[in-house]
Amino acid sequence: MIGASAHRKEGRAKVMGTAIYTDDKFVPNALHGVTVRSQVPRGILKGIHFGEGIPWAEFTIVTAADIPGKNLVASVVHDQPFLVGIGEAITHMEQPILLLAHPDRHLAEKARLAVSLEVEELPAILDIQASLDLEQVIYGTHNLLKEIRIQKGDPATVWERAAHVIEGEYFTGAQEQMYLETNAMVAVVEEKDAQTWVTVWGSLQCPYYVHGALKQLFGLPEERVRVVAMEMGGAFGGKEDYPSVNGGHAALLAWKSGRPVKLIYDREEDLACTTKRHPSRSRLKTAFDAEGMLLALETDFVLDGGAYATMSPVVLSRGAIHAAGLYRCPHVKVHARAVATNTPPPGAFRGFGAPQSLFAMERHMDVCARKLGLDPVELRRKNFLRMGDTMATGQVIREDLDLGGLMDRALAEIGYHDKRAAHAITNQGEGPIKRGLGFSVFMHGCGFTGSGESYLASVAGVEGLADGTVSILAASTEMGQGKNTVFSQIVAEALKVPFDMVDVAEVDTDRVPNSGPTVASRSTMMVGRILEDAAIGFKQALVQQGFLQEPYTADAFRAAVARAVESLGSVKCYGQYHRPPNIIWNDSTYQGDAYPTYSWACYAAEVAVDLDTYEVKVEDFVAVQEVGRVVNPRLAAGQVEGGVAQGIGWGLWEEVTTKQGRMINNQMTNYIIPTSADLPRIKVVFLENAHPAGPGGAKGIGELPMDGPAPALVNALEAALGPLRLDEVPMTPERLMARCEEVANG
Amino acid sequence: MADRITLVMNLNGEERSVQVHPFARLLDVLREDLRLTGTKEGCGEGECGACTVLVDGQVVNSCLVPAIQVQGAEVITVEGLARGGELSPLQAAFVAHNGAQCGFCTPGMLVAATDLLHRCPHPTDDEVRDGLAGNLCRCTGYSKILDAVQTVANGGSSK
């Protein structure tokens, strides 16, 4: 089964329109919840006023004073309140202040607008530089949500003696996940035997994150909180940490009203108030010898973390570890900071810090190649990591790595050398269209960073059902990436039974163990591996207890499972994550194996720029990657194609415009994501190299394709237009025009 | 104007009658009053196409259509594409080619693609891209959707 393009398990329900997403859940007698939010970026809440003309007695109203447990969202750092109380601090424009619920959702919306807040306003910090300058101290003592230093050797010893020292500064903008289904929750709170029981159904990636947040919010033991993941209309990280907030809000309204509550965000609210990709600034300084060998690299990497920590400490960590790219370099210093600002907090988004730091590094390599008078292909080739080399954290490359071969394959697929020669001639012409080719070479660490997987100690299992089929027990959620299908393939392969004899159990914390969050490109490689172990244990138990003899047919297996269930009542086998003995990480020094392994890739893009309109058309795109063994080639290609599309959007079009830190283009009309007419057919190539850590040799794939497109596109723009200050994404037509005018104006 | 009207329409081949506010959105009538939740709301402003349905053979964004406008009309939603549990050729192709990932744009995409092939049975790739440009997908990068449509239209060969 591994290596086969099995059809998506839930595909039929999705094409028939019968898959049940959160807002599709029929909930009789439900109230509709709405959230009243701050309209200032920073201040102290002094009072709440309920305006005229609304039948307030019909409303359920929840304020901070009602919260039965702790008014803090359980996350990496417990710093964000669910609601702001009177006399407490407001820290961004979209901060939830109070909650309302009513049977009529139109009236609920009218009531939301009728609430006014009395606030003592304070000066706000709205960007990275103002935060670093400590214009106001808004978080801790230095506005730092997290600071990380990684050092190998000492770059300070190199600058004086190097033949070339090249510096650069790069910026990346916020990006909205724009999952097609907005954030949505349904909550029911029951009082039984004088005890409170909380259940939340929602669009969420990480059931046990929400479970933990609800326990803390209500002060309840774990068995009295239940979280169920509904069919999910996309997530991309946007439903990793935020559902702990809106899940809590829905549950508070249900608890206070005693009725079921639906809390469904409309698109404008979702865009304005939920998490996005962190904006970033990178300052790079690199030293090369006369031949172009990289001698030293220093980077100052800063993320705008918004008003609360959310995922910033771990986003920063991944960004910092990827900041030096995939080059061998004896002296590296990474200084990484996530700073607080009075903006709605960013959070997880596919790539998780790596797209930001890799944009800077891969853009900088092209800038350096130009300054050194070298071909960007050859500059990279000289400096690629190889087996036995050491990365910035001291991690030794233990796999047979051929990045030169990977790059050559991508360049051959797009016809790099021939097309570049052709563009050199055609770009001399008078016409407004100029073409260019660019590429990027990059990696993405598989699974949680550092000791993350050890702390998670994830558990997953398989269960035999009465009809003889097998059900997969894991809290990993399906958000479109193909988890249901890939897990079923891995377990079917381990059990040596047909694909249709295996399926996944509903993701319900009352039924499935904590296999960890559905993030970090970890499901296939990490959870898949645990399932492989669990499945093998399950089969061995059937054999040892005399239900099954090897070798067996599918029918014999099915009969054995049915017999075992009949005689034992329940047949389950669990597996747990075990740290491979050669993977060692030190959290305090940031030294060691940051990831068990990496996926590697080279992406190449051809663009055509219209110098009359500064419109950029992506005419060709090639994505070549090594992701270990590919479990399901068609689903994997879908992941790459979708990730590339998001990366193209981030690189060229998707701009979050803010006023006082709040997104003001919070509509699909003016936040532009790629349509089918905007994209070329993306050529996807997998170079397979089975890795021992993953099930059947698989590595992670989900986030990798987000990392490469932006630098490849901007490098292509430079190839088309010549040297320009192309230091930022999105490189919108407006920005590109301004950069061209800088050159024209000298 | 009356608070409620009796709205009569032919929905997926069946006569349906329902009491609604004349300016209720067709999307809400379908999802809430008639409990056909296959049609999705992605933006509420006619940008994303997740709520696409056919009204008298015309593709519309049901979030922008007031109920009174479909009085007496023939309406087809994603639930009306399969016949007797048998998937339409486009639905089957979406399953086979992984044209649906998260599946949230899929109902609208399938309705729009059905209409596209009705108007233009053998489109080029560019015609498919232009024809489906009103239906946003954030998962697929559209390649597998294109594969699925072209399999039905041109036996898989892209032009």
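Colleague: What makes Arg8(A) count as buried or exposed?

Modeller: This is a predicted model, and what I tell you is computed from it. Arg8(A) has a relative accessibility of 6%, and buried means under 20%, so Arg8(A) counts as buried.

Colleague: How do you know that Arg8(A) forms a salt bridge with Glu478(A)?

Modeller: The closest N and O atoms of Arg8(A) and Glu478(A) are 3.3 Å apart, and a salt bridge needs a side-chain nitrogen of Lys or Arg within 4 Å of a carboxyl oxygen of Asp or Glu, so the pair qualifies. Glu478(A), with 7% relative accessibility, counts as buried.

Colleague: What does the salt bridge between Glu453(A) and Arg522(A) tie together?

Modeller: The closest N and O atoms of Glu453(A) and Arg522(A) are 2.9 Å apart. Glu453(A) lies in helix α12 (residues 452-456) of chain A and Arg522(A) in the loop between β19 and α14, so the pair ties together parts that are 69 residues apart in sequence. Glu453(A) is buried, with a relative accessible area of 3%, and Arg522(A), at 1%, is buried too. Over all chains, a search of the whole structure finds 56 salt bridges.

Colleague: Why is Asn29(A) called exposed, and what is its phi?

Modeller: Asn29(A) has a relative accessible area of 53%, and exposed means over 50%, so the word applies to Asn29(A). Its phi is positive, about 70°, although Asn29(A) is not a glycine. Most residues other than glycine have a negative phi. Asn29(A) sits in the loop between α1 (11-16) and β1 (31-37) of chain A. Lys496(A) likewise has a positive phi, of about 55°, and is exposed, with a relative accessible area of 60%.

Colleague: What kind of peptide bond joins Glu550(A) and Pro551(A)?

Modeller: That bond is cis, with an omega of about -10°, and Pro551(A) is in the loop between α14 (523-544) and α15 (554-568) of chain A. The bond from Val729(A) to Pro730(A) is also cis, with omega near 0°. In general, most peptide bonds are trans.

Colleague: What makes up the lining of the largest cavity?

Modeller: The largest cavity holds about 100 Å³ of space. Of the 13 residues that line the largest cavity, those closest to its centre are Ala324(A), Gly325(A), Tyr327(A), Met391(A) and Ala392(A). The lining divides into nine nonpolar, three polar and one charged. The search of the whole structure finds five cavities of 30 Å³ or more.

Note on methods:
Residues are numbered from 1 along each chain as its sequence is written. Chains are lettered from A and ligands numbered from 1 in the order in which they are written. This is a predicted model: local features need pLDDT of at least 70, side-chain atom pairs count only at pLDDT 80 or more; totals for chains, interfaces and linings use all residues. Side-chain values use heavy atoms; hydrogens and water are left out. Helices (H or I, at least four residues) and strands (E, at least two) are DSSP runs, numbered from the N terminus. Buried means under 20% relative accessible area, exposed over 50%, partly exposed in between (1.4 Å probe, protein chains only). On a 1 Å grid over the protein atoms alone, a cavity is a set of points where a 1.4 Å probe fits but cannot get out, and a pocket is an open set with protein on both sides within 12 Å along at least five of seven lines; lining residues have an atom within 4 Å of a point. Grid points are joined across faces, edges and corners, and a volume is the space filled by probe spheres set on the points. Ala, Val, Leu, Ile, Met, Phe, Trp, Tyr, Cys and Pro count as nonpolar, Asp, Glu, Lys and Arg as charged, and the others, Gly among them, as polar.
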